[in-house]
Amino acid sequence: MTIAEAVSDKLLQINAIKLSPQKPFTWASGLKSPIYCDNRIVLSHPEIRSFVIEQFAQLSKEMPVFDAVAGVATAGIPHGALLADRLKLPFIYVRSKPKAHGRQNQIEGKLEAGQRVLVIEDLISTGSSCLQAVDCLREAKAEVAAVLAIFTYGFDKARMAFEEANCQMATLSNYEALIQQATAQSYISPDHRSTLQAWRLDPKAWSEQH
């Protein structure tokens with residue numbers, strides 16, 4: 001079993017990822033989807049939480065050199081903080097927008113100009129929220145080494161967005177590994193596999209049909 005499959009297996013075990021092709025979920029955007037991902041649930045399972053952080057630590061060795069870790073608010077904050085602690089590195093986090101009061105910070109923590117930062121996110125969907133954090137760090141004169149996330153849906157839109165931003169991105173697991181594990185565990189029937197693949201290729205069209 002690959003690391004991507006092992007991570008997917010654990011996410012399925014704790015229902016951090018749920019698949020329901022027959023009764024789709026409705027996302028905040030209004031889109032219908034056969035998958036719902038909430039990696040915050042990982043935090044409530046110590047063994048799996050430790051496994052995820054260890055895999056982040058191992059994957060980070062393959063990234064360009066960095067000397068600080070940043071979490072993307074809100075879901076990337078705890079995973080980023082745990083990884084920073086594991087690596088004994090400074091930690092900061094990036095808000096989606098500046099605070100409305102106090103010092104009106106968007107970046108919380110001490111960030112030095114020229115500091116090389118590894119950005120941690122829990123989930124890559126379109127990549128927009130994560131890349132907003134990347135832009136914010138770059139505007140603060142930091143160098144973004146790479147972005148790491150637990151899971152990605154594998155949308156072409158996200159891949160192209162990271163390429164256009166000239167930002168390296170890697171994840172512990174992905175949609176293909178998830179479908180592979182879900183099929184192997186009989187979590188879904190083989191008949192549902194094509195439905196799930198169709199959603200990933202065109203989520204909007206799939207939503208309109210359901």
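Leaving aside neighbours within four places in sequence, with which residues is Leu82 in contact? Leu82 is in contact with Leu43, Arg49 and Ile53, where contact means heavy atoms within 4.5 Å. The model is predicted, with local features needing pLDDT of at least 70, side-chain atom pairs counting only at pLDDT 80 or more, and totals for chains, interfaces and linings using all residues. Residues are numbered from 1 along each chain as its sequence is written, and side-chain values use heavy atoms, with hydrogens and water left out.

Leu82 lies in helix H3 (residues 76-87); helices (H or I, at least four residues) and strands (E, at least two) are DSSP runs, numbered from the N terminus. Leu82 has a relative accessible area of 32% and is partly exposed, the class between buried (under 20%) and exposed (over 50%), with a 1.4 Å probe and protein chains only. Leu82 and Arg193 are 111 residues apart in sequence, and their C-alpha atoms are 35 Å apart in space.

Two nonpolar cores are tabulated below; such a core is a set of buried Ala, Val, Leu, Ile, Met, Phe, Trp, Tyr and Cys residues joined through side-chain atoms within 4.5 Å.

| Core | Size | Residues |
|---|---|---|
| Largest | 42 residues | Most contacts inside: Ile35, Phe56, Phe151, Tyr153 and Tyr175 |
| Second, separate | 24 residues | Including Ala70, Ile92, Cys130 and Leu131 |

Not counting residues up to four places away in sequence, Tyr175 touches Ile35, Phe151, Thr152, Tyr153, Leu196, Gln197, Trp199 and Arg200.
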